[in-house]
Amino acid sequence: MALSTPSSWEPYDFPGAWVSTAEHVNKILTFNQNQTLFPENTSVKPSLGKNGNFNEPCPPLTVEELRRIKAVDEATHIQVNIIFSIALIFGLPGSVLALVILTSMAVSPTTRYMSFLAISDFTALLLASLTAYNVVTDQFLTQLECIIFYGTRIFQAFSHWNLALICVERFVSVRYPFQKSRLYTRRATFLSVGAAFTVSLVPFPGSYLSDAYFNFMYLDLEAAVTILYKLIYIVIPGGLIIIFTILTARHLRRNVRHRETIGPQSEQNSRRSVTMETQLTRLMFVTVVCFAVFTFPWAFIHIFDRLLWKETYTLFCRLAYAKFTNIFYTLWAFSFFNHAINFYVYCACAKGFRNQFLRVICCTKTETRR
C-alpha cells in the first residue's frame with residue numbers, strides 16, 4: 001500500500017485509500033454527476049464493470065452504496081485494530097518471557113537462534129505499534145513514520161530468516177549429529193545471524209524511496225522493488241523453511257527405524273538425547289505451521305495487490321474494492337500473530353522449556369549453563 005502520494009493525485013486514486021470522510025464522500029458524489037467513479041484527468045479507467053462486462057464504467061454510487069462503503073470502512077478499522085491489539089497484548093510480554101527463559105537455559109545453537117528470534121519478534125511488534133493504527137486510516141504516514149514502518153518490515157524479515165536458521169540447525173542435528181559441534185561454534189552462530197540481518201536489510205531502502213518519492217510513477221521500478229522485497233521477506237526464507245522441515249522429517253523417521261534395530265542397552269543410553277532432539281524438532285514443526293498459517297495468506301494477497309495494483313483497483317467497483325481492502329488489512333493484522341505466538345508454542349511443545357519457565361517463575365534453581 002502506498003504511504004504517500006504526488007500532489008497531482010487525489011487520495012482515492014490508488015489502492016488503500018478509503019472513503020471515510022465527508023470530503024471524500026462529497027468528491028465521489030461530484031464524480032457521480034459525470035457517471036464515473038474516476039476523475040476525468042486520470043488515465044485509470046475501470047476494466048470490469050458492476051455486471052462483469054469489460055470496458056464498462058462503474059455506475060454512479062447510490063446513497064445506499066455509500067453507506068455500505070462507510071460501514072465496511074468502519075468495520076475494517078475496528079477489526080484490524082482489535083486483531084493487532086491482541087497480537088501486541090500476547091506478543092510483547094511473550095517475547096520478553098521467551099528471551100528470559102532461553103537465556104537461563106543451557107547454551108546451544110538452538111537457544112541462541114531462538115533468543116534472536118524473540119528479540120526480533122519483540123522489536124517488530126514494538127515498532128509496528130507506532131504506525132499500525134495509522135496505516136488503515138486515510139491519513140498518510142509522515143517521513144519518520146515511514147522509516148519506522150519499514151523498520152518493522154526489516155525485523156519481520158529478520159524473524160523469518162531466524163526461523164530458517166533454526167530449521168537448518170535442526171536438520172544438521174538430525175542428519176549430522178556428530179558434526180554439529182564442529183559446524184555450530186559460537187562464532188559461526190553469530191556470523192550466520194549477522195548475515196541473516198544484513199540480508200533482511202537489502203530491499204528496504206529501495207522500498208522506502210519508491211513509496212516516499214516515486215509513488216508509482218515508475219511502475220517497472222515499483223515491480224522490481226516489490227519482487228526483491230518479497231524474495232527477501234518471504235520467498236527465500238519460506239522456501240528454506242519448507243525444504244529443511246521436510247528433510248528433517250524424513251531423516252527423523254529414518255533415525256527412529258534405525259534405533260529400533262539396535263540393542264535395548266544402546267537405545268537406553270541415547271534415550272535422553274533422542275528425547276531432547278525430538279522435542280526441539282516437534283517445536284520447530286509447530287512453529288513452521290504457525291508461520292505458514294499467519295504469513296502466507298497475507299504474502300499472496302500483498303503480491304497480488306502490489307504487482308497488479310492498477311488491475312486490482314480497476315477490477316472492482318468501489319464497494320467491491322472496499323471489501324477487498326477489508327480482506328487485505330485483516331490478513332495483514334493476522335500476520336503479526338506469527339511474531340506473537342512463539343512463546344506459547346514453546347510452552348506447549350517443549351517440556352524442557354516449560355519446566356524451565358516454572359523454575360524461573362517459582363525462583364527455584366535453574367539449569368547449569370554450559
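At 13% relative accessibility, T330 counts as buried, the term buried meaning under 20% relative accessible area, with exposed over 50% and partly exposed in between, for a 1.4 Å probe and protein chains only. T330 belongs to helix α12, which spans residues 318–334; helices (H or I, at least four residues) and strands (E, at least two) are DSSP runs numbered from the N terminus. A polar atom of the T330 side chain sits 2.7 Å from the backbone oxygen of N326. A polar contact is a pair of N or O atoms within 3.5 Å; within protein, one must be able to donate a hydrogen and the other to accept it, and residues adjacent in sequence count only if both atoms are side-chain atoms. Leaving aside neighbours within four places in sequence, T330 is in contact (heavy atoms within 4.5 Å) with Q79, V80 and I83.

The model is a predicted one, in which local features need pLDDT of at least 70 and side-chain atom pairs count only at pLDDT 80 or more, while totals for chains, interfaces and linings use all residues. Residues are numbered from 1 along each chain as its sequence is written, and side-chain values use heavy atoms, with hydrogens and water left out.

Confidence is worth a look before going further. The chain has a mean pLDDT (the predictor's confidence in each residue, from 0 to 100) of 75, and 68% of its residues reach 70 or more. Helix α6 (residues 186–201) has the highest confidence, at a mean of 94, and helix α1 (residues 22–32) the lowest, at 42. The pLDDT is below 50 over residues 1–55, a stretch with 115 contacts in the model beyond near neighbours in sequence. Residues 366–370 are also below 50, and there the corresponding number of contacts is 18. Where pLDDT is low, the predicted coordinates should not be read in detail.

As for the overall architecture, the chain has 14 helices and zero strands. Of its 370 residues, 50% are buried. Among contacts between residues at least 6 apart in sequence, 79% join residues at least 24 apart.

The axes of α2 and helix α14 (residues 351–362) come within 10 Å and cross at roughly 95°, where axes are lines fitted to C-alpha atoms, for helices over the stretch in contact, and angles run from 0 to 180 degrees between N-to-C directions. That makes α2 roughly perpendicular to α14, a label for angles of 65 to 115 degrees, with under 35 roughly parallel, over 145 roughly antiparallel and the rest oblique. On the α2 side the meeting residues are L97, A98, V100, I101 and L102; on the α14 side they are F353, Q356, F357 and V360. These residues divide into eight nonpolar, one polar and no charged.

S95 is also in helix α2, and at 7% relative accessibility S95 counts as buried. Not counting residues up to four places away in sequence, S95 touches A118, D121, F122 and H339.

Helix α13 (residues 342–349) is mostly covered, with six of its eight residues buried: N342, F343, V345, Y346, C347 and C349. The relative accessible area of C349 is 14%. Its C-alpha atom is separated by 7.9 Å from that of V286, 63 residues apart along the chain. Beyond residues up to four places away in sequence, C349 touches Q279, R282, L283, V286 and R354.

Key: Ala, Val, Leu, Ile, Met, Phe, Trp, Tyr, Cys and Pro count as nonpolar, Asp, Glu, Lys and Arg as charged, and the others, Gly among them, as polar.
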